[in-house]
Amino acid sequence: MPTIVVDVMPKAELLDPQGKAVSGALDRLGVDGFSSVRIGKRFELTVDGDVDDAVLAEARRIADEILSNSVIEDVVGIEVVE
């Protein structure tokens, strides 16, 4: 069964307190080479049947209206994985 993966991230202009906390932890652990961390959400929607343009359009609608808060988040990716 195919799966549609939706990735949602906080808007770039907003503070990401979880990412900031992880970034601080990396510094405390002596991990170098990473300037910042942003934490988002991943949703996996299992599809009954084939994925066509109508199913992808419905996934986009769900991502925009239900899975993300458009005031503070952006849907950054929708992809089909088999």
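Entry 1. I looked up Ala 59 and, leaving aside neighbours within four places in sequence, found it in contact with Ile 4, Leu 45 and Ile 78 (contact: heavy atoms within 4.5 Å). The model is predicted: local features need pLDDT of at least 70, side-chain atom pairs count only at pLDDT 80 or more, and totals for chains, interfaces and linings use all residues. Residues are numbered from 1 along each chain as its sequence is written, and side-chain values use heavy atoms, with hydrogens and water left out.

Entry 2. I checked the largest nonpolar core and listed 8 residues: Ile 4, Val 6, Val 8, Val 47, Ala 59, Ala 63, Leu 67 and Val 75. Such a core is a set of buried Ala, Val, Leu, Ile, Met, Phe, Trp, Tyr and Cys residues joined through side-chain atoms within 4.5 Å; buried means under 20% relative accessible area with a 1.4 Å probe, protein chains only. S1 and helix H2 (53–67) each give two or more residues to this core. I note that 23% of the 82 residues count as buried.

Entry 3. I read the elements from the N terminus on as β-α-β-α-β, with 2 helices and 3 strands (DSSP runs: helices H or I of at least four residues, strands E of at least two). Among contacts between residues at least 6 apart in sequence, 77% join residues at least 24 apart.

Entry 4. I looked up the radius of gyration and got 16 Å, whereas a compact globule of 82 residues would have one near 12 Å (taken over C-alpha atoms; the globule rule is 2.2 Å times the number of residues to the power 0.38). The C-alpha atoms fill a box of roughly 50 × 30 × 15 Å along the principal axes.

Key: Buried < 20%, exposed > 50% of the residue type's maximum accessible area, 1.4 Å probe, protein only.
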